[in-house]
Amino acid sequence: MRILASVFTHESVTTIRSITEMLLGLHARGVDIEIITNPNTPYNSKFKEAGIIVHEFFPKKKIDFSAISRLRQLLKDDEFDIFQSFHNKWMATGNFACAGLPVLHVGYKGIGFQWHDPTYMLTMNTPLMDYLICLSDTVEQNIKPQLFFQKPKTVQIYKGQNVAWFDEIQEVRNLSEFGVPENAFVVMNISVVRKVKGVEYLLDAWNHIPTELPIHLVQIGDNSDSKKFKELKDRNKNVSKIHLLGKQDHVVPFLRAADMYVLPTIGLEGLSRALQEAMSVSLPVLVTKSGGPEELVIHGESGEHIPRKNSTAIAEGIIDYYHHPEKREQYGKAARKRIETTFSLERYVDEMIEFYRQILMRKG
């Protein structure tokens, strides 16, 4: 099989690492693969050092005629069997470039979508795409009923992590510089703050935590230090125990300084990367019933599930974890084990190879 995979590598290394390391894994396993991506990024050098041919260009918009023409010529000249898209612009570009060619176009989706969003008619909700990889069962269940056409056919494959990536970083961040006392029980959340992430409910949970308990919240992520959230914090009865840190580039040292991790999402969640990172460093986790997190975390074994949009349930779960260190230790070990097995990078590579083999067999 000959595969041309398109990725966007301008994001941080940790953001794209699962996909890019999977592609390197395919190459190491003997898959004939080339990469098409934006130029001059850290992973491009890593691809080239591994012996992978890299084509450096990127569509400027979803319908970029120059990129479509260039990609189509590349697919023709090098006789690829599969074009794999890992970005919306590449999916739209690939749909037009692959049309009429004997190339299977495979897309990728990490969260759900709404059928009435016209942009998805250019990317995945179109007969021009052959297959669509869904990041979780939740994503596939959301997408499948909304597809108008026989194609694309959906398949669920979990992205993988390698716990060794996190073992390499043993630094523990000193949170006292952010006003967190040394004896504090630290609850952490890392997310780009949007309504769907439910951070308002997480902050409100501190109104339900007794003031005498040394339980502190450390919230990290874009917009978490915004005026709106500072105002919510200032109205909280435990105002001195809420710490809004904003964006932080290296989060593993922060996770190592925490006692537990909470994911308070109120909408549909795919597979939270930050949640996977927390599990990889053996943190006990508390997650809302928001789809993907329920697949990541086995209730009562590697963490616990709580209702969405329920500040009281968040507070009660945190207090229970605080009072039961043996439960935290058990959950933390089981969480890491789950990443090492069901969500491992090796399993990710294996399933991608088998998926490609199967669709090429069907093609004949």
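**Rings, helices and backbone in the model**

Trainee: Is Phe254 buried or exposed?
Mentor: Phe254 is buried, because its relative accessible area is 0%. Buried means under 20% relative accessible area, exposed over 50%, and partly exposed in between, with a 1.4 Å probe and protein chains only.

Trainee: Before we go on, what kind of model is this, and how are its residues numbered?
Mentor: This is a predicted model, in which local features need pLDDT of at least 70 and side-chain atom pairs count only at pLDDT 80 or more, while totals for chains, interfaces and linings use all residues. Residues are numbered from 1 along each chain as its sequence is written, and side-chain values use heavy atoms, with hydrogens and water left out.

Trainee: How many aromatic pairs are there?
Mentor: The structure holds 13 aromatic pairs. Rings of Phe, Tyr and Trp (its six-membered ring) pair if their centres lie within 6.5 Å; planes under 30 degrees apart count as stacked, over 60 as edge-to-face and the rest as tilted.

Trainee: Why is the pair of Phe57 and Trp90 called edge-to-face?
Mentor: The planes of Phe57 and Trp90 stand at 70°, with ring centres 5.7 Å apart, so the pair is edge-to-face. Phe57 lies in the loop between β3 (54-56) and α3 (65-78), and Trp90 in helix α4 (residues 88-98), so the pair links distant parts of the chain, 33 residues apart. Helices (H or I, at least four residues) and strands (E, at least two) are DSSP runs, numbered from the N terminus. Both Phe57 and Trp90 are buried.

Trainee: And what about Phe178 and Phe254?
Mentor: Their ring centres are 5.9 Å apart and their planes are at 50°, so that pair is tilted. Phe178 sits in the loop between α6 (163-167) and β8 (185-190), whereas Phe254 belongs to helix α9 (residues 252-256), 76 residues apart. Phe178 is partly exposed, because its relative accessible area is 25%.

Trainee: Which rings form a cluster?
Mentor: Ring pairs link Phe8, Phe57, Phe58, Phe83 and Trp90 into a cluster.

Trainee: How much of α4 is covered?
Mentor: α4 is mostly covered, with eight of its 11 residues buried. Among them are Trp90, Met91 and Cys98. The buried residues of α4 pack against β1 (2-6), β2 (32-37), α3, β4 (82-85), β5 (104-109) and β6 (131-134), where contact means heavy atoms within 4.5 Å.

Trainee: New topic: how do α12 and α13 pack?
Mentor: Helix α12 (residues 311-323) and helix α13 (residues 325-341) pack at about 100°, with their axes 5 Å apart. Axes are lines fitted to C-alpha atoms, for helices over the stretch in contact, and angles run from 0 to 180 degrees between N-to-C directions. That makes α12 roughly perpendicular to α13; angles of 65 to 115 degrees count as roughly perpendicular, under 35 as roughly parallel, over 145 as roughly antiparallel and the rest as oblique.

Trainee: Which residues meet there?
Mentor: Asp320, Tyr321, Tyr322 and His323 in α12 meet Pro325, Lys327, Arg328 and Tyr331 in α13.

Trainee: Lastly, where is Glu79, and what is its phi?
Mentor: Glu79 is in the loop between α3 and β4, and has a positive phi of about 50° although it is not a glycine. Most residues other than glycine have a negative phi. Glu79 counts as exposed, because its relative accessibility is 63%.
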